[in-house]
Amino acid sequence: MTTYSADYCPYCGAALSDRHVDGRDRQYCPDCERVIWRNPVPTASLAVVGDSGVLLTKRAVEPGRGEWAVPGGHLEHEETPEAAAARELEEETGLRADRDDLVLLDTFTAEPSEGKRIVSIGYLVSAGAVAGTPAASDEVSAVGWFTPSEFEASGGTFLAHHDERVRKAWTWYEER
């Protein structure tokens with residue numbers, strides 16, 4: 001299994017060819033006789049929502065440098081999506097959340113960026129259930145609380161799909 005298209009087999013190092021498998025062309029190792037499955041990368045994010053709005057981070061790294069997003073990132077091999085969402089929140093903002101307090105919000109699949117496709121799992125947590133004071137880390141240049149209308153008025157730009165995630169989190173908060 002790979003994230004990116006490969007030229008050589010990750011198992012034996014032989015040059016890959018293409019083979020029609022399960023109704024589509026896939027990379028195949030003629031030496032190992034294996035299909036080299038290309039799969040999306042899972043990510044998780046955590047929307048912290050409270051009276052002040054939804055906590056957003058301004059990305060200091062690619063993809064989306066300068067765009068605003070809900071804190072999140074890639075799952076580590078041994079992590080559940082909930083644990084990854086809580087870890088990413090702490091890494092990016094310094095806030096700590098108990099993964100048992102997280103509520104599943106949504107999922108989306110992003111268009112490939114630099115040849116990589118992601119599947120993002122979004123969670124939310126009430127601001128009253130997190131500990132700490134938000135501050136920007138090395139991965140983000142700023143943090144801020146925004147309602148959807150405040151963000152729109154700010155002139156900022158969302159990382160793809162995060163505008164929808166923010167609206168869903170804010171709607172959840174207003175309706176509870």
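**Surface, pockets and salt bridges of the predicted model**

The accessible surface of the protein comes to about 9,700 Å², and carbon and sulfur atoms account for 45% of that area. The model is predicted. Its C-alpha atoms fill a box of roughly 60 × 35 × 30 Å along the principal axes. The secondary structure consists of 3 helices and 12 strands. Of the 176 residues in the protein, 43% are buried. Among contacts between residues at least 6 apart in sequence, 61% join residues at least 24 apart.

Rolling a probe the size of a water molecule over the atoms shows where empty space is left. The largest pocket has a volume of about 650 Å³. Its lining comprises 32 residues, of which Thr43, Arg59, Pro63, Ile118 and Leu159 are the closest to the pocket centre. Two or more lining residues come from each of strand E4 (41–50), strand E5 (53–59), strand E7 (72–74), helix H1 (81–93), E9 and strand E10 (116–126). Divided by class, the lining of the largest pocket contains 13 nonpolar, 10 polar and 9 charged residues.

The second largest pocket has a volume of about 250 Å³. Its lining is made up of Ser5, Arg24, Asp25, Arg26, Gln27, Ile36, Trp37, Arg38 and Asn39. The most is given by strand E2 (residues 24–29), which supplies 4 residues to this lining. By class, the lining of the second largest pocket has 2 nonpolar, 3 polar and 4 charged residues.

The structure holds 7 salt bridges. Two of these share aspartate 106 and are described together. In one, the side chains of aspartate 106 and arginine 165 meet with an N to O distance of 2.8 Å. This pair links distant parts of the chain, with aspartate 106 in strand E9 (residues 103–113) and arginine 165 in helix H3 (residues 162–175), 59 residues apart. Aspartate 106 has a relative accessibility of 9% and therefore counts as buried. Arginine 165, at 0% relative accessibility, also counts as buried. In the other salt bridge, the side chain of lysine 168 meets that of aspartate 106 at 3.6 Å, N to O. Lysine 168 lies in helix H3 and aspartate 106 in strand E9, so this pair ties together parts that are 62 residues apart in sequence. Lysine 168 is partly exposed, with a relative accessible area of 40%.

A further group of charged side chains is formed by Glu79, Arg87, Glu88 and Glu91, which are linked in a network of salt bridges. Within this group, arginine 87 and glutamate 79 form a salt bridge with an N to O distance of 2.6 Å. The limit for a buried residue is a relative accessible area under 20%. Arginine 87, at 19% relative accessibility, therefore counts as buried. Glutamate 79 counts as buried as well, because its relative accessibility is 16%.

Most residues other than glycine have a negative phi, and most peptide bonds are trans. The peptide bond from glutamate 62 to proline 63 is cis, with omega near 0°. Proline 63 is placed in the loop between E5 and strand E6 (68–69). Pro63 is also one of the lining residues closest to the centre of the largest pocket.

For aspartate 22, which is not a glycine, phi is about 50°. Aspartate 22 sits in the loop between strand E1 (17–21) and E2. With a relative accessible area of 64%, aspartate 22 is exposed. For histidine 161, likewise a residue other than glycine, phi is near 75°. Histidine 161 belongs to the loop between helix H2 (148–154) and H3. Its relative accessible area is 24%, so histidine 161 is partly exposed.

Methods. Residues numbered from 1 in each chain as written. Predicted model: local features only at pLDDT ≥ 70, side-chain atom pairs only at ≥ 80, totals over all residues. Heavy atoms only, no water. Salt bridge = Lys/Arg side-chain N within 4 Å of Asp/Glu carboxyl O. Buried < 20%, exposed > 50% of the residue type's maximum accessible area, 1.4 Å probe, protein only. 1 Å grid on protein atoms, 1.4 Å probe; cavity = no way out; pocket = protein on both sides within 12 Å on 5 of 7 lines; lining within 4 Å. Points joined across faces, edges and corners; volume = space filled by probe spheres on them. Nonpolar A, V, L, I, M, F, W, Y, C, P; charged D, E, K, R; others polar. Contact = heavy atoms within 4.5 Å. Areas by Shrake-Rupley, 256 points an atom, 1.4 Å probe, with all protein chains shown as cover.
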